[in-house]
Amino acid sequence: MSVENVLFWVFALGIVSSAFLVILARNPVHSAMALVGAFFFLAAEYVLLWAHTIAVLQVLVYAGAIMVLFLFVIMLLSLTDADLQPGQVTLARVVGGASAAGLCLVMVETLSKTKGAGQVIAGEQTQVFGTLAEMGRVIYTQYLFPFEAVSLLLLVAIVGAVVVAKARI
Amino acid sequence: MNIPSLTFLDFQPVLPALLLAVGGIVLLLTEVFQSAATINRAYQSMVALAFSAVAGAVAAATTLEPAREVFLGFGVSDPFSGAVTVLVCVGLGLSVLVSAGFLRHRNAERGEFYALLLFAGAGMSLLAMSNEFITLFINLEVMSVSTYALSAWLRRGTRPSEAGFKYFILGAFSAAILVYGASLLYGATGTTKLSELAGLLPAAVASNPGLTYLGAGLVAVGLAFKVAAVPFHMWTPDVYEGAPTPVSALMSAGVKATAFASLVRVFLPFAQDLGPNHAQLMTYAFAALALLTMVVGNLMALPQRNVKRMLAYSSVAHAGYLLLGVAALFARPTGGEGPLAVTPLLAGAEGAARQQTLQAILFYLLAYTVTSLGSFGALAALERREDEPRGTAWDLEKFAGLSQRKPGWALAMAAMMLSLGGIPPTVGFMGKLFIFRAAVDAGLVWLAVAGVLASAAGVYYYLRVVVYMYMRPSQDGVTVPERQWTTELALVLSTAAVVLLGVAPGTLSAWLGKASVLFSQ
Amino acid sequence: MALHSSMLTWVNAAGLAESLYFIIALPLLGAFISGVFGRLLGRANVNLLATAAVAGSFMLSLLVFAAINNAGVTAPNPFGDAVPYALGHDYGTWFAAGGFRVNFGLAVDHLSGTLLLVITGVGTLIHLYSTSYMEHDEGYWRFFAYLNLFVAMMLTLVMADNLVLLFVGWEGVGMCSYLLIGFWYKNPAYAFAGRKAFITNRVGDFGFLLGSFLLVLMVAALPAQAPSQAGRLEAGAAQVGPLNLRGVGALATALPYSAAKAPGAEVTLESRVASGPLAGFTYGGVLTAALLLFLLGAAGKSAQVPLYVWLPDAMAGPTPVSALIHAATMVTAGVYLFCRLSPLLVLSPAAMATVALIGGTTALLAALIAFTQNDIKKVLAYSTVSQLGLMFLGVGVGAFWAAAFHLVTHAFFKACLFLGAGSVMHGNGDETDIQKLGGLRKEMKVTWATFAVATLAITGVVPLSGFFSKDAILHAAHTHVVPGFEGAMHVAYALGLLTALSTAFYMTRAYVLAFEGERSKDAKVPHAHESAAAMTAPLVVLAVLSVLGAAWAFPLLPGTHEPVFENFLLPVFSVTEQVRAAAGTVLVPDHAGLPWGAYVQAWVIALIGAGSAFFLYTRFFPSRAGQPLPAALAFARNLSRNKFYADELYEAVLIRPLKFVARLAYQVLDALVIDTVAVRGTAWVTAQVGSALRLIQTGDVQAYAAIMAAAALGGIVYALSRVMP
């Protein structure tokens, strides 16, 4: 087992366990911090795949900016202990949980039957894959159309956010 | 480093979308310069209307150009996408007309509203020509984010923000499912381009059937949410009811039409390039979805006394009829010739049958766009701001005796109801005729029978509106909002379209027949 | 006919054919103007405009009718030789999708020409009548707009040269009927009646559409299997579409009845369809299925069992509407449809027997129900259902000309009866209960005279038109032989005879109670007044027509005993006759002589029915009206008591069972089974299911997401189970 393999499993275990913590933690601040952990482990996996840029962006955007937003919202809500009690078990939750678990099972089952699954493909990529230069080249040539569409999406998102946030029209 | 060259030919198909986006930006910019003292917003609806009209005209002029790939295969310019863009622009224009009066009445007219409408239109137009999963997803989001924001536009009472939020959460949920499915398909085939997918699918299905089908299934679920197919329709009534009426109209027409366009574009390779067993499985899957959607949509609409909710469920039911067409599209015609097609189709029988089915779908989409816009428009003309918090703004009673108070509105609404119910001589009847014929052609006779039965049940609740308008005395003390010429223009246009296209659909259906060409390798 | 041809040398037949649409356009324009500008124009102008529109249509119809009596006038026929004695014009493609197309074409032959005259002629009279009848109604402009629209739609139905256009007219008249039944919508019961009519008709329309689908599938499947037999069919269908009415004849010609009767044929009714969705079914089976589906459609529109229930309730509308739509024109659309489908019908004896039995059952059932009705309009409504049943009986036994003839004469006398009833209501404060009328003979002379003539006509008394048309049907039921279905035809004949007897009885009863005897004490107004000339003039015209219509039944042509009308319709039914003769499904005896025996029999039946009713209601019941008899006259008292016993006996043996059956039929079938279970029941069940589904729609986003996830899981697991090894 190569070093990469060992590292992969370590990080993967980290992702899954912190993801469980996000769900199970009673205190939302704890959940948020667990989520930060999951993001960091994911970034590490990206590094293993030679996707440095994405790893950096993952840390900057998710672990940095988005998590700060999360924490702000949690603070602003100023939840009391009563709010943090576990909710009622409703039919919707049971069905939803069961379906989510079912979908998860199906995916695991399918992926495990997939040919080539289980082999670590790290190292097969060239080492320039995932560098900023390479990504820029691809985005500005091949992926020009979706990239420009994203600009429209961002514009719409900004306008939409302003519109929704405006107190009164 | 090879830099691919893009020419004008690549940009020409996105011209309508660019026009719409530019229109939106113009509106955003001019809104900034409105000073509080001299507010004049009358121009805004006209600007939005002009941009959608020009975009529609450009799209119509270039629709019948030969199909080709643009942007290195990330998009395609084919007659089908052109026709869908025209359809979107028609819906957009009518929706803008209805919005003008609606918003003015509520003192809520702002440049942002029209800008978001136009952006949504641009997203729809781009979605219709997206031929790659990432592009498709981004354009779907452009369309969706605009409509999320638009649904929450009016924030008096809890209903609109609840609608916007619900739509947003469930929309994000379904978008995640769609992306997950696309990534699995990428895993199975190694490509996100639909044009390459077609060639790679047989090998992928042979080696990894589970992965391929899981991916395809999740993509289908994501798109089924957008077209509001049962059981992914649950958001529809709540969101349609809470959103401003012109926005509900656009959602029921434009969003649905483009979602259907991408559904067809994504799944046709599966039916076309895999073996007959897979085509059959696809047909059954979509036939089951269609059956469920038709039956549940109509049954749910039956007890509604809230006309807006009734129209929402009716839009679910109509998605069912369209899914019937989609199922027919995926079916392999038996014996190589459509049985209702009297002249034997000599060469390319399967392709010709597909083209006819596609034509039926396009015609139905157009018929539904016009009719839906008209019916929501009449509703928008009638609803009063004061009734909204109590939730009685769309009560059936509000239609009582409308034929005496506002004979013109009542006539327009009656035409829309007849068209939705599929009664001649309206465009709705023609649309149903084409769709059911296509289904029978494809051998889905019993599904067509179920569709006819379901639509017969639907006639009941559509006619109930007509009964109230023409055969019930009006309630005492009921006032209707003042007339708005823009709304009335929209009503006149849609009524004329509903009747004229119902009487003489020949020219349009011939044009749509020519436009029913999808790009293929 | 020589008179006509000389008269018409100045009319350009081709030009006339192209201008056929004017006949429809006139009333359509009238409807538009009355509907949009009616209130501005005022009452007098709307009256004039609406009546003139239909009258103009009548004039044009006369011109067309004269033209088609000219042997040189032919209608183009892409399926074969040009059709003589007809006019037709194809306005080009209406809509097309791929190989399937429907052309917009109009055609008039002797059958539709006759109906044109009936629709526009009776229509004009009824418009004229309505100008007076609706003189106090606020919604006059709406009324005339609907009425004009109805006429336009009915003309479309009759002149359409393909089933799709015919269906547009079919739906159009249904919609107008719905609007007019519910015209006085402020009464919720009336509005309910309107809805009942519409929903019942939608059930029928469903059958019509599916039947058309089956026809198209047959037309599409046949040429590939039998290229030489169906060559013309294929060529014609490519030119004007598979649902053309001429194509119906071409389809019937291309399908021989059996291999035994057409040796060497590529395809017969016994062979199986080779390709398409119908593959595996025999052509004969598909044909019978299609005809039965069309029968469902016709039963809805023409109020036959089991869909007859809407017609009696439809009397909620204004009386002229009942006269025009629910007696003379729209309800006969089913009979017209089957006349058009007659080439196919004679290929399926099973379908013929079904049509005949449905018609006979309807005829008798409705007549029995009419016995106990006291509302004059209800009596007439059930009578209409019964007479329509007779027409279906005629169609079912293959006497198409007789059915069409009865359709025409029925239009005259039933319109006369309805308008007479309207006149009675108008003059008696809207009283419709015949037990509260009486004695009108002296007070409303014109109404009385015309009503009496029409009653005699429907009763079937010589020499009025109703006698001949009804007798033609019964005679055909008696003499036509359908091999394999002789028993069914005997039953149908017996049903027809019983119906004739019952008809005479209940019509005479209604007439006697309303017009004879003394004025009832319960009458709303002390003295009835005769209606205005605008109302009585149409009555007189219709009464005269009810008498003169008989002329068409006389064997006036030299050298044959064929009635004039049968000869007149020969060009229409020539294909049917050829198909019938080749298939041998219906054996029709030659006209050896006039059927004197049948005449006498029918006459005696009519006299028995009418006479017994006349006796019972003028002499018998009034005399036992419960006046205390002089106690001293024991003999007289005994006699009276004996009479009373006789009465009881009579009551027990005849009246009670009759009343019982009638009431049973009315209450069980009509009120319980159909009203409660079928109409309200299905609505209730669907509404309940809808409400139950609503429970899922809680508004809870988590629940929505859960359902979506569960559905996705289910669908994906199913798909994977199909493809995963």
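B:Pro231 sits in the loop between helix 9 (209–227) and helix 10 of chain B, in what is a predicted model. A cis peptide bond, with omega about 0°, links B:Val230 to B:Pro231.

**Backbone with positive phi**
- B:Ala228 has a phi near 60°, a positive value in a residue other than glycine.
- C:Asp430 likewise has a phi near 60°, positive although the residue is not glycine.
- You will find C:Asp430 in the loop between helix 18 (400–427) and helix 19 (440–443) of chain C.
- C:Asp430 counts as exposed because it has 12 other C-beta atoms within 10 Å, and 12 or fewer is the cut-off for that class.

**Helix 10 against helix 13 in chain B**
- Helix 10 (residues 235–242) and helix 13 (residues 307–330) of chain B pack at an angle of about 135°, their axes 8 Å apart.
- This angle makes helix 10 of chain B oblique to helix 13 of chain B.
- The crossing of helix 10 of chain B past helix 13 of chain B is right-handed.
- From helix 10 of chain B come B:Thr236, B:Pro237, B:Tyr240 and B:Glu241, which meet residues of helix 13 of chain B including B:Lys308, B:Arg309 and B:Tyr313.
- By type, the residues of this contact are 5 nonpolar, 2 polar and 3 charged.

**Chain A against chain C**
- Here, 10 residues of chain A are in contact with 12 residues of chain C.
- On the chain A side, the residues touching chain C comprise 5 nonpolar, 4 polar and 1 charged.

Methods
Residues numbered from 1 in each chain as written. Chains lettered and ligands numbered in written order. Predicted model: local features only at pLDDT ≥ 70, side-chain atom pairs only at ≥ 80, totals over all residues. Contact = placed C-beta atoms within 7 Å. Nonpolar A, V, L, I, M, F, W, Y, C, P; charged D, E, K, R; others polar. Axes fitted to C-alpha atoms, helices over the stretch in contact; angles between N-to-C directions. Helix = DSSP H or I, 4+ residues; strand = E, 2+ residues; numbered from the N terminus. Parallel < 35°, antiparallel > 145°, perpendicular 65-115°, else oblique. Left-handed = near helix turned anticlockwise from the far one by under 90°. Buried ≥ 20, exposed ≤ 12 C-beta atoms within 10 Å, placed from the backbone.
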